[in-house]
Amino acid sequence: MVSPVRLMPRLLRHNDRFGTGARITASYGPGFLFILLTRLALVAFRPDIVDRENRPRDTPLARMRASYDFIVVGGGTAGCVLANRLSENPAWTVLLLEAGGDEQYMSDVPLVMPSLPNSPLDWKFKTEPQPHACKAFIESRSSWPRGKVLGGCSTINGMLYIRGNRRDYDGWRDQGCPGWGYDDVLPYFKKSEDVRVHELRASPYHGVGGELNVEHYKYYSHIAEDFLEAGRELGIRVGDVNGEVQSGFMKSHGTLRQGLRCSASKAFLRPASKRPNLHVSMFSAVQRIVVVDGRAAGVIFRKAGRPRLQVALANREVLLAAGAVQSPQLLMVSGVGPAAHLRAVGVPVAVDSPGVGGNLQDHVALGGTAYLIDSPPHAGPMGEVFVLPRAATLNTLLGFITGSGGPMYAWPQGEVMGFISTKYANQSDDWPDVQLFLASSSDASDGGVFNMRNLGVTDEVYASVYEPILYREAYSVVPLLLRPRSRGTVRLRSPDMAQPPLIDPNYLADPRDVEILVEGAKAGYQLMGTRAMRALNATLNPFKFPACAHLPHPSDEYWACQARQYSMTIYHPVGTCKMGPAHDPLAVVDPRLRVYGVVGLRVVDASVMPNIPSGNTMAPVIMVAEKAADMIKQDWNAPWTPPDTPRHPIYHGRYDA
């Protein structure tokens with residue numbers, strides 16, 4: 001009997017009774033059915049993933065203290081690191097407030113990562129309509145998944161471990177942020193790392209014994225080796241992109257532990273969660289920071305949706321680690337931000353800080369390109385590349401629940417990472433301007449169940465470009481712009497934190513951003529002509545984007561048109577609480593991450609980065625949090641005794657706003 005999962009592609013291709021929308025909707029069946037079976041199997045057969053004994057426990061209101069030395073707002077990537085490092089001192093009390101709950105079992109499985117955006121683990125933000133980009137997406141809006149869960153984005157992302165380039169951090173230092181040069185931050189990358197890639201364990205650029213496990217993915221498609229060979233043919237170095245040299249190709253490294261996701265929560269929070277001086281309060285949405293006489297006194301938060309608000313007081317500091325979207329939002333609703341904007345939305349101004357919510361940067365990519373191939377006989381039953389119906393089988397599930405391996409340990413969207421310099425970069429310098437995601441899948445590989453839904457690709461575009469090649473064997477090369485010139489903003493929609501802010505990344509407003517992406521797309525096309533790819537009969541998907549159909553393909557004009565159609569984010573927003581010297585009018589925090597104008601308040605997350613790193617941002621965020629924890633310890637190294645009277649004249653407990 002033929003399984004429904006294997007039969008679905010034939011039904012979709014040949015049953016003319018289906019309309020376009022119906023065919024796309026019906027294609028969701030294999031993915032959703034497989035996810036349901038996986039969820040049931042994890043509970044029944046993988047107690048190591050369930051891990052009931054080590055998971056953090058929620059602290060109920062009745063057990064919370066009247067005050068804490070440190071309040072960490074946001075239990076995401078940075079917040080988990082801070083909670084661990086600060087609670088190492090048994091004399092300090094730490095409260096970690098997280099708006100979401102604990103990690104779900106499914107988030108451990110690399111293959112199902114695309115099912116996590118738009119789930120309850122995601123804030124589900126959307127950008128404002130983009131005038132220069134995102135034209136193939138519904139309302140020209142970009143979806144911005146942000147983790148609403150312990151571990152934050154490290155719990156829902158692709159797990160890639162990429163640090164960025166030496167020049168990035170030296171640039172931070174040279175802009176007036178002493179202590180943030182590459183030689184200063186490298187020890188903090190190494191401190192958290194436990195590299196389990198054998199050939200790197202002796203490298204002076206990598207750490208051993210840290211909390212964060214870094215490994216190869218446990219499963220790679222056959223085409224991963226062909227990608228590397230194609231790079232070699234073009235004279236591209238194959239080696240570690242997190243070491244002395246960044247330029248080159250590499251089989252992707254992930255934050256993984258024995259093939260499973262190693263989120264910041266798993267790495268940092270679970271080992272610390274039983275410390276009596278650390279309280280973790282889940283489903284606790286911070287409404288604003290309480291600023292009294294220029295000092296951060298504490299925070300007001302809502303627990304588990306209850307109507308009454310709660311107050312938590314900070315004896316020493318409030319540490320804002322809510323991410324590049326919500327850290328500036330929280331500052332602004334608390335009265336710290338551009339004065340004219342705050343007044344316009346009805347927020348009393350505590351500190352006029354013009355840079356809050358500005359300087360928004362994100363890595364935008366030219367997505368949607370598919371290269372069709374033929375699998376050689378030696379590729380075996382899984383073929384050369386990932387195709388959902390072929391991978392979503394009982395044998396695949398059995399391989400996972402027994403731990404023996406298989407495609408469920410894969411992340412097809414980026415099996416090989418490449419860093420290249422286009423003609424716009426200094427060819428004599430190791431500072432690439434494009435990152436290539438070499439993927440063993442295309443937008444047609446999953447029938448639209450994940451990528452189309454996550455990004456918001458319109459039915460019309462999907463039907464024109466991908467439906468004709470539905471479930472065909474294909475790979476993708478996605479060029480990502482490493483250092484965009486365009487800058488955007490985060491602004492308040494209202495003073496209510498329950499209302500998502502106005503997010504405008506201003507994608508591709510600077511024409512040079514498009515020009516660099518075009519060169520990246522041409523580099524991906526060049527790979528198709530290598531012997532390694534010709535052996536697979538690689539050809540470019542002949543079905544064009546409707547808005548670009550009048551242009552010859554491939555051509556610079558077509559690639560530029562596609563860049564503005566399929567302008568995808570890799571979910572790396574940074575910069576909205578910029579770190580900088582006191583004389584920089586747009587700096588929000590100083591080089592010790594202290595908020596200008598407010599005592600006892602720091603920001604510790606991606607929002608402090610003055611310029612975006614040349615690579616994925618999870619590893620740099622962990623580095624920032626590690627360094628921040630050390631600076632906080634240094635700043636509070638004097639003996640401390642509790643005051644005889646409450647430090648802040650605010651009633652602790654219920655707060656009726």
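Let's start inside the fold, with strand β6, which covers residues 212–216 and is mostly tucked away: 4 of its 5 residues are buried. This is a predicted model, by the way.

β6 has a partner in β5 (residues 193–195), and the two run parallel, joined by 3 bridges. In that pairing, D194 sits opposite N213 of β6. β6 also pairs with β8 (residues 253–257), this time in the antiparallel sense, again over 3 bridges. Here V214 has T255 in β8 as its bridge partner. As a reminder, side chains in a regular strand alternate between the two faces of the sheet.

Most residues other than glycine have a negative phi, and most peptide bonds are trans. A few spots in this chain go the other way. Take Q258: its phi is positive, near 55°, and it isn't a glycine. Q258 belongs to the loop between β8 and β9 (260–261). Is Q258 buried or exposed? Its relative accessibility is 59%, so it counts as exposed, the cut-off being over 50%.

F283 is another non-glycine with a positive phi, about 50°. You'll find F283 in the loop between β10 (278–281) and β11 (284–292). Its relative accessible area is 47%, so F283 is classed as partly exposed.

Then there's a cis peptide bond, running from H553 to P554, with omega near 0°. P554 lies in the loop that links β23 (539–540) with α18 (556–565).

## An annotated stretch

An unreviewed UniProt entry puts the feature "domain: Glucose-methanol-choline oxidoreductase N-terminal" at residues 323–337. In the model, that stretch is 73% helix and 13% strand.

## The chain as a whole

Zooming out, the protein chain holds 19 helices and 26 strands. Its C-alpha trace spans about 80 × 55 × 55 Å along the principal axes.

Buried residues account for 64% of the 657 in the chain. Among contacts with a separation of 6 or more, 73% are between residues 24 or more positions apart. As for the surface, the chain exposes about 23,700 Å², with carbon and sulfur atoms supplying 54% of that area.

Key
Residues numbered from 1 in each chain as written. Predicted model: local features only at pLDDT ≥ 70, side-chain atom pairs only at ≥ 80, totals over all residues. Heavy atoms only, no water. Buried < 20%, exposed > 50% of the residue type's maximum accessible area, 1.4 Å probe, protein only. Pairing = 2+ DSSP bridges. UniProt positions renumbered as here; feature names shortened; annotations may be inferred. Contact = heavy atoms within 4.5 Å. Areas by Shrake-Rupley, 256 points an atom, 1.4 Å probe, with all protein chains shown as cover.
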